Amino acid sequence: MNESPVVLLTGAGGGMGRAIAARFATGGWRVSATDLDDGLLSALSHEVTLAATTPADLRHPAACHGVFAETMARCGRLDALVNAAGVWREGPVETFSEADFDLLMDVNLKAAFFMCAATIPALRATRGCIVNLSSDAGRQGNIGAAAYCASKGALTNFTRALALDLAPDGVRVNTVSPADTDTPMLDFQAERYGGGDPAGYKAALLAKYPQGKAARFVRPEEVAEVVYFLCQPAAAAITGADYAIDFGYSAGR
Ligand SMILES: NC(=O)c1ccc[n+]([C@@H]2O[C@H](COP(=O)([O-])OP(=O)(O)OC[C@H]3O[C@@H](n4cnc5c(N)ncnc54)[C@H](O)[C@@H]3O)[C@@H](O)[C@H]2O)c1
């Protein structure tokens, strides 16, 4: 029987998901990968050895339970859940559509919530851990992104509360909060909201960092390293924490 640890990773086909999958695989973990986009999962399977690939729309709790069931059927145990699925929408509150609001809440908050719900019994059995991908937008308000900030702020505080609930069982729960990271989500933001000038949109993002002309975007591999660390025995004392990976952007002005 294969006793190597198992991570269930959502958003596995995305920019951070791919880097996280690769980091865990390199560390000897089996990776159960899920994403909305079957094509992205297929591409990932050519880069990283995957123990399971389960396309699913995680806005629906039944789908969360289905992905968990598939993971257990294929792998037989679960040691870590990493919620990296997410979406970006921005715009002023007074014109923000209900559809975009619901999408942000359903993917960024509800899907993570019900992935946790589905996996808690199995994580209790292994005294495993959960890492939720939040954002600097979960630590502070960002201009023009109130709904996204609401979804990530809720995710960060949900994580703290769950950490307290699961502490007696030895299950640790943390958030990782990157600032602008070089992934397809950032490209999407720049294309959709850049007013025809995606490079200008990105330059405006970089201008807000304290590094000045040396500012750059976070690399997905830098996020993956922190996520991986939080799932190691060396992180046994860390739960209910929020790890900023943001060049000091959320440290103050
Ligand atoms: N890129 C950034 O600048 C940045 C910064 C801070 C936080 N984050 C957060 O980090 C996480 C990873 O982001 P990323 O940059 O890798 O984004 P990405 O767009 O590259 O990947 C996100 C993945 O989530 C999947 N997804 C979307 N809706 C889904 C659904 N309904 N069901 C299942 N999967 C779904 C997408 O198919 C995609 O593969 C997200 O939660 C995001 O909000 C991103």
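Which domains does the domain assignment of the protein give? The assignment, which is automatic or taken from a database, gives domain 1 (6-181 + 219-244) and domain 2 (183-217). The structure is a predicted model, in which local features need pLDDT of at least 70, side-chain atom pairs count only at pLDDT 80 or more, and totals for chains, interfaces and linings use all residues. Residues are numbered from 1 along each chain as its sequence is written.

The secondary structure comprises eight helices and seven strands, taken as DSSP runs (helices H or I, at least four residues; strands E, at least two) and numbered from the N terminus. Along its principal axes, the C-alpha trace spans about 55 × 35 × 35 Å. Of the 253 residues, 44% count as buried, that is, with 20 or more other C-beta atoms, placed from the backbone, within 10 Å of their own.

The C-alpha centres of domain 1 and domain 2 are 24 Å apart. Eight residues of domain 1 are in contact with nine residues of domain 2, contact being defined as C-beta atoms, placed from the backbone, within 7 Å.

The ligand is surrounded by 29 residues, of which Gly11, Gly14, Gly86, Thr183 and Met185 are the closest; a residue is near a molecule if its C-beta atom, placed from the backbone, lies within 6 Å of it. Two or more residues of this shell come from each of α1 (15-26), α4 (98-126) and α6 (184-193). Both domain 1 and domain 2 give residues to the shell, so the ligand lies between them.

Conventions:
Two residues are in contact if their C-beta atoms, placed from the backbone, lie within 7 Å. A residue is buried if 20 or more other C-beta atoms lie within 10 Å of its own, exposed if 12 or fewer, and partly exposed in between; C-beta atoms are placed from the backbone.
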